[in-house]
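Here is a short briefing on one protein chain. Look at the sequence and the structure first, then read the points below.

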Amino acid sequence: MASTREEIQADLEDQVSQLTKQVASLTKAMSKRSSAALADTRESASELYEGFYDRFTDALPAMRKQARVAQKTAQDNPMTTALVGVAVFGLLAALLSRR
């Protein structure tokens, strides 16, 4: 019976050793995959940022021109501008009061 107990203990120790090696191997593989995924995500985010920046930079002159046109229109029509401002303020107040 002593030899059987020793054999079982030796088998269990071998199994634990093998499982420990497998867990270490899986941990290493997951670490490599997560590092690669992180690098891909960073690259994608960088490309997305560059795309937005390029589009914004390209659109900036047109936005400035439209802002100047809106400013001139507001200066030329102060009464209409005031009425539109009051209407927008009333709309916002109505929307916020519903909550």
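Asp-76 and Lys-72 sit four residues apart in helix 1 (residues 2–76), so about one helical turn separates them. The model is predicted.

- Asp-76 and Lys-72 form a salt bridge. Their closest N and O atoms are 3.2 Å apart.
- Side chains of opposite charge can pair when their charged atoms come close.
- The count for the protein comes to one salt bridge.
- Asp-76 has a relative accessibility of 48% and counts as partly exposed, because that class lies between the 20% and 50% cut-offs.

- Helix 2 covers residues 78–97 and includes Leu-95.
- Leu-95 is partly exposed, at a relative accessible area of 48%.
- Leu-95 also belongs to a nonpolar surface patch of about 460 Å².

**Overall shape**

- The protein has two helices and zero strands.
- The radius of gyration is 34 Å, whereas a compact globule of 99 residues would have one near 13 Å.
- The C-alpha trace spans about 105 × 40 × 10 Å along its principal axes.

**Surface and charge**

- How much of the protein is buried? Buried residues make up 0% of the 99 residues.
- The accessible surface is about 9,400 Å². Carbon and sulfur atoms hold 62% of that surface.
- The protein carries 13 positive and 12 negative side chains. The centres of these two sets are 17 Å apart.

Conventions. Residues numbered from 1 in each chain as written. Predicted model: local features only at pLDDT ≥ 70, side-chain atom pairs only at ≥ 80, totals over all residues. Heavy atoms only, no water. Rg over C-alpha atoms; globule rule 2.2 N^0.38 Å. Buried < 20%, exposed > 50% of the residue type's maximum accessible area, 1.4 Å probe, protein only. Areas by Shrake-Rupley, 256 points an atom, 1.4 Å probe, with all protein chains shown as cover. Lys, Arg positive; Asp, Glu negative; His and termini not counted. Charge placed at Lys NZ, Arg CZ, Asp CG, Glu CD. Patch = residues over 30% accessible without salt bridge, like charges linked within 9 Å, V, L, I, M, F, W, Y side chains within 5 Å. Salt bridge = Lys/Arg side-chain N within 4 Å of Asp/Glu carboxyl O.
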